[in-house]
Amino acid sequence: RLLVLRSHYRSPLEVTKATTHDAATALVRLDNFARNATTQVGPLTRADADEDVIGRFVAAMDDDLDTPAAVALLFTNVTAANKAMAEGDLDGARPLAAAVMEVANALGLELHTRADIVPVEVIELARRRDDARAAKDWVTADGLRDEVLRRGYVLEDTPDGTEVRKA
C-alpha cells in the first residue's frame with residue numbers, strides 16, 4: 001500500500017525490486033517509530049493529534065488526492081517527533097506522534113505499536129547466535145541467522161542486545 005501511496009494516481013506506478021524494498025524499509029521505519037513513540041509518550045489518541053498536521057493532511061488529500069504529499073507529511077512528522085523525543089521534549093512529541101498515527105491510519109497503513117510475540121524456539125536460536133558471535137564462530141552465527149529468517153523473523157543487533165521481530 002505504501003508503494004502505491006507514494007505515486008500520484010494519475011502518474012505511472014513503478015514497481016521494481018528497488019521501489020518495493022524502499023517501501024518495505026519505510027514501513028519498518030514507521031512501525032519502529034510507532035513502538036518507540038508509544039513506549040516514550042504512552043498511548044496516543046485522536047484528541048492528542050496536532051491539528052495543523054491533520055489540516056495539512058486534509059489539504060493534501062483535497063488537492064486531487066495528493067497521496068505523495070500526504071506520505072511526505074507523514075515522514076516529516078516522524079522525523080520531527082523523533083527529534084523531540086531524543087531531546088526529551090515528550091510534550092512536544094506527543095501531538096506530532098498522535099498526528100502520525102492518525103495520518104497513517106487514514107492512509108490505511110496499520111502501524112504496530114507493540115512487539116510481536118516471538119516463539120521460544122526463535123528466541124533460543126537468537127541466543128545461540130549471540131553465543132556463536134561471542135565465540136567468533138561466524139559460520140554458525142550466519143547459519144542460525146538464516147534459520148531465524150526462514151522462520152519469518154529478523155534479527156537486529158542493537159547497543160542493548162539482539163532484537164527479534166517479525167520480518
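**Notebook: helices and salt bridges**

I began with helix H7 (residues 138–150), where arginine 150 and glutamate 147 both lie, three residues apart, about one turn of the helix. I note that this is a predicted model. I looked up the closest N and O atoms of the two residues and found them 3.0 Å apart, in a salt bridge. I then checked accessibility. Arginine 150 has 59% relative accessibility and therefore counts as exposed, the cut-off being over 50%. Glutamate 147, at 22%, counts as partly exposed.

**Helix H6**

I turned to helix H6 (residues 120–134) and found there glutamate 124 and arginine 127, three residues apart, about one turn of the helix. Their closest N and O atoms are 2.5 Å apart, and the two residues form a salt bridge. Glutamate 124 counts as partly exposed at 32% relative accessibility. Arginine 127 also counts as partly exposed, at 39%.

**Other salt bridges**

I searched the whole structure and recorded 17 salt bridges. One of the pairs I examined joins the side chains of lysine 83 and glutamate 87, at 3.9 Å from N to O. I found both lysine 83 and glutamate 87 exposed. I also noted a network of salt bridges that links Arg129, Asp130, Arg133 and Asp157.

**Helix H3**

I compared the length of helix H3 (residues 51–62) with expectation. Its 12 residues should span 16 Å at 1.5 Å a residue, and the end C-alpha atoms are 16 Å apart, so the two values agree. I listed the buried residues of H3 as Val53, Ile54, Phe57 and Ala60. They lie on the same side of H3, because they cover an arc of only 120 degrees around the axis. I then looked up what these buried residues pack against, and found helix H4 (67–86) and helix H5 (90–106).

At its start, a side-chain oxygen of aspartate 50 comes to within 2.8 Å of the backbone nitrogen of aspartate 52. Aspartate 64, which follows H3, has a positive phi, near 60 degrees.

**Helix H5**

I made the length check on H5, which has 17 residues. The distance from its first C-alpha to its last is 24 Å, close to the 24 Å expected at 1.5 Å a residue. I recorded its buried residues, among them Leu96, Val100, Met101 and Val103, together with several alanines including Ala93 and Ala104. The buried residues of H5 pack against helix H2 (17–41), H3 and H4.

Notes. Residues numbered from 1 in each chain as written. Predicted model: local features only at pLDDT ≥ 70, side-chain atom pairs only at ≥ 80, totals over all residues. Heavy atoms only, no water. Helix = DSSP H or I, 4+ residues; strand = E, 2+ residues; numbered from the N terminus. Expected span 1.5 Å × (residues − 1). Buried < 20%, exposed > 50% of the residue type's maximum accessible area, 1.4 Å probe, protein only. Arc of directions from axis to C-beta. Contact = heavy atoms within 4.5 Å. Polar contact = N/O pair within 3.5 Å; in protein donor to acceptor, adjacent residues only side chain to side chain. Salt bridge = Lys/Arg side-chain N within 4 Å of Asp/Glu carboxyl O.
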